[in-house]
Structure formats: C-alpha cells, structure tokens
Amino acid sequence: MDIFLIIIALFIMVLGIIGSFLPVLPGPLTSWVGLLVVHFTDSIPMDKSFLIITLAIALFIWLLDYIIPAIGTKRFGGTRYGMIGTTIGLIVGLIAPIPEGIIIGPFVGALLGELINKSDSKTATRAAFGSFIGFLTSTFIKFVVAAIYLGLYMGIVWDYRATLFHL
C-alpha cells in the first residue's frame with residue numbers, strides 16, 4: 001500500500017508543477033496534497049509541523065496569485081481602476097472559454113479599467129503591461145514553490161527508502 005501511495009503522491013506532485021502554469025489547478029496547493037499523501041504511508045511518520053508550515057506557504061502563495069497582477073498594474077502607473085480591472089479580468093479570464101484567458105484577462109481588464117478612468121492610451125497600455133508582468137511573476141513563484149515541494153517529496157522518499165521498499 002505504501003508504494004501505491006508514493007506513486008499517487010508523485011502523480012499529484014507532477015500535477016502541482018503543471019498547475020503552476022494552468023489556472024485550473026492551484027500548483028503549490030496541489031503539490032502540498034502530494035506531500036500530505038506521502039505522510040499517510042505506514043513507513044513515513046506524520047510530521048504535523050512540517051505539513052502545517054508547508055500548507056501555510058502554499059495558501060500564502062495561492063493568495064499572492066490573485067494579488068501580484070494587481071500590484072504589477074499599480075507599479076507600472078496604474079490606478080485603482082486598473083487594479084480593479086486586473087482583478088475582474090483575471091476572474092473573467094479564468095471562467096471565460098477563450099484560449100489563454102488567464103493571460104489575456106488581466107491585461108485587458110487593466111487596460112479597460114484605465115481607459116474607463118480616462119487615462120490616456122499610453123498609461124493604460126503601460127498598466128496593462130504591468131498586469132502581465134505581475135502574472136508572469138506569480139506563475140514563476142508558483143512554479144518555484146511547487147518544484148521545492150517536489151524536492152521535499154523526493155528527499156522524504158529517499159530518507160525512508162529502506163522502510164518503503166524493504167531494503
């Protein structure tokens with residue numbers, strides 16, 4: 001049963017890496033579920049403090065994923081309207097059945113928000129670009145955290161390989 005759980009956990013960890021790039025799956029949270037599954041094996045003791053800390057990090061990154069594009073908009077000269085547009089565009093991009101909606105949504109939302117605020121097109125475009133940079137930053141952070149969780153998974157499996165595989 002332990003081997004089965006280890007394989008399932010690895011599958012979930014890989015989904016977490018993929019989820020770092022796809023809006024459908026929350027990458028770090030998915031990877032954390034993989035870490036949780038590993039600790040359900042009989043061979044690996046449950047380390048509650050490890051799981052709580054990694055869950056807190058995953059939740060923090062998940063929240064940042066919604067905040068960073070708005071921060072990027074503000075950093076590149078956007079106004080509150082641009083930040084609100086970024087957030088609305090992100091939500092619409094997530095649920096809209098358009099290709100790359102997660103990328104297009106925040107950009108278009110920031111652009112429209114700034115144009116509604118009567119900003120000139122140059123300022124609006126710069127704010128929309130900031131939103132896109134924020135999205136890329138958020139994706140990179142999610143990928144790094146999911147990759148670290150995969151590394152932690154591999155380290156745990158390696159440390160307990162003798163009991164897992166009865167060596």
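This is a predicted model: local features need pLDDT of at least 70, side-chain atom pairs count only at pLDDT 80 or more; totals for chains, interfaces and linings use all residues.
If you look for Val-37, which is 27 residues away from Leu-10 along the chain, you will find that the C-alpha atoms of the two are separated by 9.3 Å.

Phe-143, to take one example, is found in helix α6, and with a relative accessible area of 31% it is partly exposed.

Let me turn to the aromatic rings. How many aromatic pairs does the structure hold? There are two. One of them is formed by Trp-62 and Tyr-66, whose ring centres are 5.8 Å apart and whose planes stand at 85°, an edge-to-face arrangement. Both residues lie in helix α3 (residues 48–75), and they are four residues apart, which is about one turn of the helix. Trp-62 counts as partly exposed at 36% relative accessibility, and Tyr-66, also at 36%, counts as partly exposed.

The other pair is made by Phe-76 and Phe-129, where the centres are 5.6 Å apart and the planes meet at 75°, so this pair is edge-to-face as well. Here the partners come from separate parts of the chain: Phe-76 lies in the loop between α3 and α4, while Phe-129 lies in helix α6, so the pair ties together parts that are 53 residues apart in sequence. Phe-76 is partly exposed at 28% relative accessibility, and Phe-129 is partly exposed at 40%.

There is one further ring to point out, that of Trp-158, because the charged end of Arg-161 sits over it, 4.0 Å from the ring centre, where the cut-off is 6 Å.

Next, the charged side chains. Which residues meet in a salt bridge? They are Lys-142 and Asp-65, with 3.3 Å from N to O, and the count for the structure comes to one salt bridge. The pair links distant parts of the chain, since Lys-142 is in helix α6 and Asp-65 is in helix α3, 77 residues apart. Are these two residues buried or exposed? Lys-142 has a relative accessible area of 8% and is therefore buried, and Asp-65, at 17%, is buried too, because the cut-off for that word is under 20%.

Finally, the confidence values that I promised. The mean pLDDT of the protein chain is 87, and 99% of its residues reach 70 or more. Among the elements of the chain, helix α2 (residues 27–38) has the highest mean pLDDT, at 95, whereas helix α4 (residues 80–95) has the lowest, at 81.

Methods. Residues are numbered from 1 along each chain as its sequence is written. Side-chain values use heavy atoms; hydrogens and water are left out. pLDDT is the predictor's confidence in each residue, from 0 to 100. Helices (H or I, at least four residues) and strands (E, at least two) are DSSP runs, numbered from the N terminus. Buried means under 20% relative accessible area, exposed over 50%, partly exposed in between (1.4 Å probe, protein chains only). Rings of Phe, Tyr and Trp (its six-membered ring) pair if their centres lie within 6.5 Å; planes under 30 degrees apart count as stacked, over 60 as edge-to-face and the rest as tilted. A charge sits over a ring if NZ of Lys or CZ of Arg is within 6 Å of the ring centre and within 35 degrees of the ring normal. A salt bridge is a side-chain nitrogen of Lys or Arg within 4 Å of a carboxyl oxygen of Asp or Glu.
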